[in-house]
Amino acid sequence: MKKVHVQKYLLTILGIVLSLIWISPFYIILVNSFKTKLELFTNTLSLPKSLMLDNYKTAAANLNLSEAFSNTLIITVFSILIIAIFSSMTAYALQRVKKKSSVIIYMIFTVAMLIPFQSVMIPLVAEFGKFHFLTRSGLVFMYLGFGSSLGVFLYYGALKGIPTSLDEAALIDGCSRFRIYWNIILPLLNPTTITLAVLDIMWIWNDYLLPSLVINKVGSRTLPLMIFYFFSQYTKQWNLGMAGLTIAILPVVIFYFLAQRKLVTAIIAGAVKQ
Amino acid sequence: MSRFGKGLALLLVLLMAFSVLISGCGSKSTDQSNASQSKTETTNKPVTLDIFQFKVEIKDALQNAINTYMKENPNVKINLETVGGGQDYGAALKAKFNSGSEPAIFNVGGPQDVATWKPKLADLSDTKAAKEAINGTLTGVTQDGKIYGLPFDLEGYGLIYNKQIFSKAGIDPSSIKTFDALVNAVKTLDSKKKELGIEAVFAFPAKETWVTGLHLSNAFLSPEFDGDVMKAFNSKTVEFKYGDAMKQMIDLQNKYSVQPTASLDYSTQVEKLFGTGKVAMIQQGNWVYPTLESLDKNFAENDIGMLPYPVPGYKEDSYPEGVPMYWAVNSDKPAEVQKAAKDFLDWLYTSDEGKQIVTQQFKFVPAYNGYSADSISDPLGMQLFVAASQGKTYGWVFMGYPNNWGQNVLGADIQLYVNGSLTWDKVISHAKQAWADARK
Amino acid sequence: MIKKAKFFKNGIWYWLFIAPTLLSLIIVVLIPFIIGIYYSFTDWNGINQPVFIGLKNFIALKGDTEFWNSIFFTAKFAVACIVIINVVGLSFAMLVTRKIFARNFMRTAFYLPNLIGGLILGFIWNFIFVDVFQTISDATHIGWLGGWLSTTNTGFWGLVIVTSWQMIGYVMVIYIAYIESIPTDLIEASKIDGANSWQQFRNVVFPLIAPAFTVSLFITLSNSFKLFDQNLSLTAGAPGNTTQMITLNIYQTAFSAQEMAVGQAKAVIMFLIIAVISIIQVYLTQKREVEM
């Protein structure tokens, strides 16, 4: 038993050291978000002379914080919701029904992940522009299109682990397909849903290129779009950029903390139901 | 079946919720097409102008100018959109045009851009601004007697130096009027590095291919094309007649620079090294002024100057000066939108109110006549303005290089040259070859 | 048999369940991609009316050494990334799913790099490679820490390090999901049987998380081939376009060189290459999964 304890301590220390190395680049973001530009360039690594909040104030004002924040939040939440619901439904249908079409459609979803974004972006905005759909909701729809592949892919893998006997029993009881999916399968897929949400949130919350092409109304811009205004051809306001970035990633960090807890409960709940 | 029906109902509700979301937001964007609907109406009818521009530095000032203009012209509504990040304007503009919401006013760079965008460009020769534009600033956008762009401003570059370091080293900047004098000054500075507290004489940002492949090369290719961008644009070949002088300049800046230069970028060069007094000199232009000002106002106002960019055998006491970007008006827009666009640009550059904004708020060196010298607000711009009035400038030709040649061929090869993996002869022969291939 | 019949018969729900995602995929990805393929056979520059020119763009690519170099560079990069990201990502997942002190902190720390992208990431790492490495090198006289990003080799490893740093947390999340779904009694049982850690891993954990490999390998493969932002912000191809990856090459062709159609042709080729590699990879890993 003692040997196990020593091993555990060593692992803990190793883990903590690694984590600190891992987040060290964030140290650069954080300390420099409190510095003036001159201080930032003379002493990038040192602690700030004082906890000056000017950068945060200026950044918050220039970002139109409340507006950009709610835009980003709405787009992210809606996108993730519909990606999770629709792609788990699709994966359920594709995994449970064994026909030629299900294999082919699954392949299409998988292969679509390999299409480089740069090669579709111009035709995509041309198509959406034609239907006057270059709006926030158009953007959400695009995220469904780009995100459903990974969603279907992950859910499909997870569904392999859920025995079909569950569905069959429910079918005999006269449950509809949707009920089975909604009441039995979806709760069992919770761990995957949270995993998917964690992966997608960082993509959608931080995405720059797609929103920059889609959103052009002044009031609809997202945080990454606003942060990019700190950077221009010749003038890069790193101090404001760092402050803006800190503001922007904080909610996601909090979400991740909460999601971790949820993940554990979800797994326990899933296990009980099984 | 009834349960299935329930499930279906829920699905439909979800879809409907989604479509409500869609239409809820979608309805907001319809006013964009207003402009094209009023084709036959008179000019008193409200006109909507969309401006799509790349210069983030003037974003807020331009918005202020627009607000002023809209107050005076209540029938004109102007939407300003600026591309952030400073790199992707070309891509963003193409996406914009393909998406169907074409802007009325946008930016083009020079003859190459004019050739690409020609079907979309309106003739601007009837504008007041075009008549007031300083001689030579319109050559790059003139084709068949039509003027397709109005200059943003004038920019110029040279060797920006730190006055305090120079005076500590006992060097009189006004004596540096030839390449040889420059070499001597560099050697003196280098020998006193310790006392002066500098890391090196130069910071040479070879990572930025626009600094090497466009600006640096421009100085040595300009004489080959008589400083005429259209000659460069129409030339089937490039000779590098001043190639040896170019090599000397690269070698000088590279040898006496903070190392390694192949990974040195713009921000490091201007802010981290020059802005904090770690190097004595950098090859840059008047656009660095706002950046340096935001670092240290006092330093920017009092301690910097610009040495000429010497090309031995051509002009040694002059500055390369040119127009970085032009305003273009979309010819696909209805006549009254085009007219409103031209009126706005005329107002911006030729009215007293506009002039005030251009010099004081944009901090531009004007590319138009009718501005007084003392309206220019920064010392670098001032120096350029004076040099121009004394004829001590030569033209920019890099807008006439083949697409991508300057940065992706020449600038990229210079990186390999400074890190020692490519000989100079290879750099030149590859560049000549690529130019000829592109102009076949 | 009766229930089986019912199980397969009713086809409506099947299509209803698939429709929303399939439609969005078709509208958002497939149609634009097909339009893009059409453009690759034209002389389109992004603005003009495209004229059909057949295979000209593809034939011209034969002599485009920079393009093939970028493919070779990307392939090398992908191999390095796939190995590093999956080995380290799995190790991290194993570590933080143990009942050790501060495991939630570790999880968050490893995941954090996912939260920043593009330009800012480039600046921070540029600073670390160019300044911090140089300072350490000057102080300790360790030669290889100096001059990062100024040569092809350091540019390559710089990109691998940044990408791995970012992506490891991503695949870690996937591995964690699978590891945590392993019923604890299985592990307990193997402990009682006297299995050591390695045996536990090899015989109990590994087979159960095999599907995670299929997923993670596929994702790392496609993401490393499609990498763009990091490439642009960290090296931008310097020195001399020798660290230019395929997507950056395509982007430069389409927008800087204004040869949209040639860029689309390159994208088609790139797609074919990764499609073939991924299909082989998925096929092999799935075969292994079944065998285990």
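A residue counts as buried if 20 or more other C-beta atoms lie within 10 Å of its own, as exposed if 12 or fewer do, and as partly exposed in between, with C-beta atoms placed from the backbone. This is a predicted model: local features need pLDDT of at least 70, side-chain atom pairs count only at pLDDT 80 or more, and totals for chains, interfaces and linings use all residues. Residues are numbered from 1 along each chain as its sequence is written, and chains are lettered from A in the order in which they are written.

Start with C:Ala102. With 13 C-beta neighbours inside 10 Å, C:Ala102 is partly exposed. Its phi is near 65 degrees, a positive value in a residue other than glycine. C:Ala102 sits in the loop between helix H4 (65-96) and H5 of chain C. Helices here are DSSP runs (H or I, at least four residues), numbered from the N terminus.

The loop between helix H10 (209-221) and helix H11 (229-234) of chain B holds B:Asp226. B:Asp226 counts as exposed because it has 11 C-beta neighbours inside 10 Å.

Now look at two prolines. A cis peptide bond links B:Gln259 to B:Pro260, with omega about -15 degrees. Another cis bond joins C:Ala238 and C:Pro239, where omega is about -5 degrees. Most residues other than glycine have a negative phi, and most peptide bonds are trans.

Next, how do chains C and A meet? The contact takes 70 residues from chain C and 73 residues from chain A. Two residues are in contact if their C-beta atoms, placed from the backbone, lie within 7 Å. On the side of chain C that touches chain A, H2(C) gives the most, with 18 residues.

In H5(A), A:Phe109, A:Thr110 and A:Ala112 are buried. Their cover includes helix H7 (136-159) of chain A together with H2 of chain C.

Chains A and B pack helices as well. The axes of helix H6 (residues 117-130) of chain A and helix H4 (residues 89-98) of chain B come within 8 Å and cross at roughly 35 degrees. Axes are lines fitted to C-alpha atoms, for helices over the stretch in contact, and angles run from 0 to 180 degrees between N-to-C directions. H6(A) brings A:Met121, A:Ile122, A:Val125, A:Ala126 and A:Gly129 to the contact, while H4(B) brings B:Lys94, B:Ala95 and B:Asn98.

How values were computed. Helix = DSSP H or I, 4+ residues; strand = E, 2+ residues; numbered from the N terminus.
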